Amino acid sequence: MNPFSKVTFVFILVLLHFEVLGQLNFHAYKKFNYTWEHPSPEKISVDPIFKNEDVVILDDQHLVSIGGSLGSTTNIIFQRKARLKYLTAKGV
């Protein structure tokens, strides 16, 4: 064997070793049997004036985040978080 093939062989063995260790660690957490406190979300009641609507907006937030440091570009992030309740299939 020439030296290059020995190095390649050792490199492949090291990669296989880390792959096996990664697979063993990845599946370790799946053995835990977790039960949720509330298996299904609570029903949200809607005001009767919206009973004929397809979609109702339950909550609407507009957020602005400004970040950065001195001497660098300032980041401005605009976010909108809306919580909707679909009352009919047409609303989807």
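The protein's accessible surface (Shrake-Rupley method, 1.4 Å probe; for residues, only the protein chains shown count as cover) is about 9200 Å², and 62% of that belongs to carbon and sulfur atoms. Keep in mind that this is a predicted model, where local features need pLDDT of at least 70, side-chain atom pairs count only at pLDDT 80 or more, and totals for chains, interfaces and linings use all residues. Residues are numbered from 1 along each chain as its sequence is written, and side-chain values use heavy atoms, with hydrogens and water left out.

**Exercise 1.** Work out the order of helices and strands along the sequence.

*Solution.* Start with the inventory: there is one helix and there are two strands (DSSP runs, numbered from the N terminus: H or I of at least four residues for helices, E of at least two for strands). Now read along the sequence, and you get α-β-β.

**Exercise 2.** Decide whether valine 10 is buried, partly exposed or exposed.

*Solution.* First, locate valine 10: it sits in helix H1, residues 3-26. Next, recall the cut-offs: buried is under 20% relative accessible area, exposed is over 50%, and partly exposed is in between (1.4 Å probe, protein chains only). Valine 10 has 48% relative accessibility, so it counts as partly exposed.
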